[in-house]
Amino acid sequence: MTVNDESVVVVPLDELTAAKQDGRLIDPMSVIRRPSSVKVTITPCQPKTLSHLPKRPPVDIAFSDLMYTVTEGAKSTPKNILKSVSGRLKSGELTAIMGPSGAGKSTLLNILTGYKCSGVKGSITINGHERNLSQFRKLSCYIMQDNQLHANLSVEEAMHVATSLKLGSDISEDSKYQVIQEILETLGLQEHRRTMTSNLSGGQKKRLSIALELVNNPPIMFFDEPTSGLDSSSCFQCISLLKSLSRGGRTIICTIHQPSARLFEMFDHLYTLAEGQCVYQGSTKQLVPFLGTLGLECPSYHNPASYLIEVSCGEYGDNVRKLVTAIDNGKYDIQVGKPFPPAKALNNVNPKDIVKSSNLSSNFIEVDKLSKSVDSDSLLQYSGNQFSKLDDDSIINSELSSIKTGNLNNADEATDTLLKNGLPSSQQRYATSEFVQFWIVLKRTLLFSRRDWTLMYLRLFAHILVGFLIGSLYYDIGNDGAKVLSNLGFLFFNMLFLMYTSMTITILSFPLELPVLIKENFNRWYSLRSYYLAITLSDIPFQAIFCVMYVSIVYYMTSQPLEMFRFGMFLSACLLISFVAQSVGLVVGAAMNVQNGVFLAPVMSVPFLLFSGFFVSFDAIPIYLRWITYLSYIRYGFEGTALATYGYEREILKCHQVYCHFKKPLTTLRELDMTTASFTLDIGALIVIFFVLRVSAFIFLRWKLKSSR
Ligand SMILES: Nc1ncnc2c1ncn2[C@@H]1O[C@H](COP(=O)(O)OP(=O)(O)OP(=O)(O)O)[C@@H](O)[C@H]1O
């Protein structure tokens with residue numbers, strides 16, 4: 001746009017953007033003082049487009065008579081949380097689910113996302129078709145309140161993982177790179193692309209959470225309290241972003257506690273709950289007139305959102321029932337003044353007509369409206385509070401052009417697929433094969449491990465330090481017939497040390513991964529099987545290296561027999577003990593939280609330590625308790641190291657005392673009741689226990705994922 005009137009001072013928007021990026025403020029007066037002979041042309045910023053995103057069809061959601069009941073207390077008393085609510089959520093609109101605390105907002109959102117399924121009654125339809133949860137989850141994403149990001153990845157790395165997992169291998173690396181760059185630029189994260197996610201601000205974390213899910217362009221996006229913990233400016237930025245996403249034809253639904261008047265105006269559609277019932281459904285603009293018809297006059301200069309919450313909380317008398325009746329618990333369309341047609345009735349109408357009229361044409365309308373607002377807003381750049389405006393509008397522009405170029409061109413095709421076959425079906429549950437998922441998660445976990453100070457360097461330090469400490473304490477005793485009992489103490493301590501270090505680190509670190517796993521698995525990034533296999537394998541090399549270092553130090557310093565095969569046997573028993581203990585950590589970490597795990601795991605290990613054969617020899621254990629020894633992995637490890645040290649016809653030990661009871665290694669084995677023990681059997685038993693525990697941990701994990709819903 002060229003401005004001919006030289007008295008009008010205009011600045012290219014790019015210049016404003018550059019000024020913002022450099023942290024400079026443009027003084028309007030300095031601009032005004034420019035020579036009037038200079039013609040300045042407004043050059044609108046190139047809209048940041050999301051042109052590389054895969055195209056998706058628009059999706060409308062309808063739910064009717066949704067009931068959610070839980071049982072409470074010893075008598076399993078039923079408690080109705082959602083009481084037969086109905087509603088419509090349209091594509092291209094930003095919908096807020098609002099209501100007082102405890103009204104059932106999160107519950108409704110969890111049900112709509114498919115996160116909660118048991119205890120739910122009622123129907124949910126997608127574009128007039130009964131919802132197929134599996135397919136629905138491919139088209140939707142759920143961005144939870146706490147962001148759930150991996151701290152040890154940079155923004156760009158996190159995006160790279162998301163694109164690798166969420167976009168199929170049929171999309172080239174170059175295109176994936178373009179997607180990442182476009183999304184980061186559009187969401188204002190480009191300059192933070194090398195920042196570790198743990199160092200991002202709350203608003204940036206929220207944007208990154210959105211960016212991660214945006215890579216496969218889901219047409220439905222759910223947000224639980226997206227503004228929680230953000231300051232008013234970040235709240236505004238966040239809701240602007242959601243609004244721009246909705247303008248891209250997506251169905252954007254979020255829960256919100258009590259938006260400010262400024263935020264409230266930005267929502268297109270409001271769904272309000274009170275006591276598990278719908279008290280309002282309609283546009284934000286219709287709220288005040290609607291309340292007025294019921295004799296509830298919103299005072300001037302009062303935030304309508306706050307007023308509705310106050311009414312719902314009973315501050316102006318018992319109006320909830322009145323509102324629920326007026327809106328027919330969500331069945332009444334206040335825009336047309338009559339009940340919504342049944343959602344399934346949509347099936348009887350020509351599908352193309354519905355989508356074109358209800359979604360796509362409305363997108364066209366919004367395109368026009370927003371294009372105008374973008375133009376007029378560009379002129380606001382001079383007035384001072386320009387920079388955030390610029391960002392929001394660029395985002396909106398980008399989405400608009402995405403609609404123009406992408407969605408509408410593919411509308412017919414998408415509509416046909418969507419309405420003829422329900423939702424687009426594909427045999428694949430995930431975008432990538434399980435092997436690819438495994439490989440990407442493995443690489444990511446290895447990267448975390450490398451960057452995790454506790455997991456890596458503290459553990460390394462502990463193994464070396466304790467190795468030297470034990471080596472010094474039991475220095476040169478391995479060959480001495482007079483110090484066999486001390487040497488047995490050393491063998492037992494090895495078991496104890498390796499068991500606790502590998503078990504506790506897993507108990508402490510694994511549960512922290514669970515929230516991210518729940519989110520990523522729910523949003524269909526990868527299968528639980530691929531994830532589990534990757535994390536199972538990822539720590540084994542590190543644990544093995546630490547164990548080899550520790551064993552090499554203590555074995556040499558304590559002068560155990562310097563024969564390769566004995567060292568190999570000793571090491572393999574120690575390695576297996578640490579792997580088995582790690583598996584115990586996985587089982588405990590998968591089944592319970594950190595607090596319970598840290599207490600219970602050592603307590604549960606006590607019987608295994610008692611029945612290891614060190615404190616009481618096998619023949620001295622009462623028959624009815626002997627079965628515990630078969631379960632004690634410590635017993636197999638201890639027996640294995642004892643056999644490696646004293647078995648296999650080891651020569652007589654040195655001894656400087658007059659009488660040496662344990663001079664002959666066989667005597668030691670006899671005292672331990674290990675003369676008939678088999679090293680192969682010990683190793684075999686440890687391998688079996690290892691696999692049983694790993695499978696159990698997987699089962700617990702699957703149960704935990706299900707029960708968390
Ligand atoms: N599993 C459950 N057992 C018992 N009560 C439950 C259960 N889940 C939810 N509730 C109850 O259901 C009601 C609605 O909970 P919900 O978390 O959906 O409320 P909300 O509107 O999101 O509240 P807030 O805004 O405070 O987060 C609350 O009274 C809550 O105590």
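The UniProt annotation "transmembrane region", taken from an unreviewed entry, covers residues 456-475, 487-510, 531-557, 569-591, 598-625 and 683-703. The structure shown is a predicted model. Its mean pLDDT over the protein is 78, and the model scores ipTM 0.96 and pTM 0.74.

**Annotated transmembrane spans**
- One of the spans annotated in UniProt is 487-510; over these residues the chain is 100% helix and 0% strand. The C-alpha atoms at the ends of residues 487-510 are 35 Å apart.
- Another annotated span is 598-625, which is 46% helix and 0% strand in the model. The end C-alpha atoms of residues 598-625 lie 26 Å apart.

**The open sheet and its helix**
- Four strands form an open sheet in the order β2-β1-β4-β5, and their pairing is antiparallel.
- The edge strands are β2 (77-89) and β5 (129-130), each of which pairs on one side only.
- Strand β4 (residues 120-126) pairs with β5 in the antiparallel sense over 2 bridges. Opposite Glu 130 in β5 stands Thr 125.
- Helix α3 (residues 105-113) packs on the sheet, where it touches β1 (61-72), β2 and β4. The direction of α3 makes about 120° with that of β1.

**Confidence of the prediction**
- Of the residues of the protein, 80% reach a pLDDT of 70 or more.
- Over residues 25-38 the pLDDT stays under 50, and the model has 9 contacts beyond four places in sequence for this stretch.
- Residues 40-49 also have a pLDDT below 50; this stretch has 34 contacts in the model beyond near neighbours in sequence.

Technical notes. Residues numbered from 1 in each chain as written. Predicted model: local features only at pLDDT ≥ 70, side-chain atom pairs only at ≥ 80, totals over all residues. Pairing = 2+ DSSP bridges. Contact = placed C-beta atoms within 7 Å. Axes fitted to C-alpha atoms, helices over the stretch in contact; angles between N-to-C directions. UniProt positions renumbered as here; feature names shortened; annotations may be inferred. pLDDT = per-residue confidence, 0-100.
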